[in-house]
Amino acid sequence: MVNEIYGKKIGSTQVFSEAGAATYVTAIEAEPCLIVQVKNSATDGYNSLKVGFGTVKEKKVNKPIKGIFEKSKLSPKKYMRELKVTDPDKEYKAGDQVDLSIFNIGDRVKISGISRGKGFAGVIKRYNFHRGPMTHGSHSIRKTGAVGMCATPSKIHKGKKMPGRMGGKKVTLPATEIVDIIKDQNLILVKGSVPGPKGNVVLLKKV
């Protein structure tokens, strides 16, 4: 059995309940994922499904990726990922699809995606540090401050909060509620926000 599917973040909106309460939701387009290859523990060491999704012009696909799809007699897709299989005894074959039917309204899902990259940032933006005094000739308004040690151990410990690249990392939301599923449009509405910008590929996994 497969409990996860890949989708693309479309944007955010709000839906209203029968009582008139508004709920902020994010729309994710999860078109059926086409199974390209079935991996099993006997030949590959683990059980998973290699799937493809998203439309792409064939001339934009390189030869190695195109060869994988041609081996299964399938047309190339824009993205190719793997889905974990929880029930290895169930039979899958190339050409089958994984769609939104694995989810129901009210289910809780983990959502993983790459967050927005915000470039090089200081400690105030990156870690919510307080700034220094802005008067009396202060020259350390937004500076990091002292980071080194004295003679012992005379080094900077690993993990010290300092300026650096912010964002652009994998973020997983633990348990997000599915508010609505629009099957004819391959849309799933989840409560709250989702990592990344519009068009970001995310993984939805049933909790």
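User: Is Asn 128 buried or exposed?

Analyst: This is a predicted model, in which local features need pLDDT of at least 70 and side-chain atom pairs count only at pLDDT 80 or more, while totals for chains, interfaces and linings use all residues. Residues are numbered from 1 along each chain as its sequence is written, and side-chain values use heavy atoms, with hydrogens and water left out. Buried means under 20% relative accessible area, exposed over 50%, and partly exposed in between, with a 1.4 Å probe and protein chains only. At 66% relative accessibility, Asn 128 therefore counts as exposed.

User: What value does phi take at Asn 128?

Analyst: Most residues other than glycine have a negative phi. Asn 128, which sits in the loop between helix 2 and strand 9, has instead a positive phi, near 60°. Helices (H or I, at least four residues) and strands (E, at least two) are DSSP runs, numbered from the N terminus.

User: Which relative accessible area does Lys 73 have?

Analyst: Lys 73 belongs to the loop between helix 1 and strand 5, and its phi is positive, near 60°. The residue is exposed, with a relative accessible area of 77%.

User: Where does Pro 153 lie, given that the peptide bond from Thr 152 is cis?

Analyst: Most peptide bonds are trans. The bond from Thr 152 to Pro 153 is cis, with omega near 0°. Pro 153 lies in the loop between helix 2 (123-127) and strand 9 (164-167).

User: Which strands stand at the edges of the open sheet?

Analyst: Four strands form this sheet in the order 5-4-3-6, with antiparallel pairing, where two strands pair if DSSP finds at least two bridges between them. Each edge strand has a single partner strand, so one side of each is left without a neighbour in the sheet, and these are strand 5 (79-84) and strand 6 (97-98).

User: In the closed barrel, what is the average twist from one strand to the next?

Analyst: The barrel has six strands in the order 1-2-11-10-7-12, paired antiparallel. Angles run from 0 to 180 degrees between the N-to-C directions of axes, which are lines fitted to C-alpha atoms, for helices over the stretch in contact (heavy atoms within 4.5 Å). From one strand to the next, the twist averages 50°.
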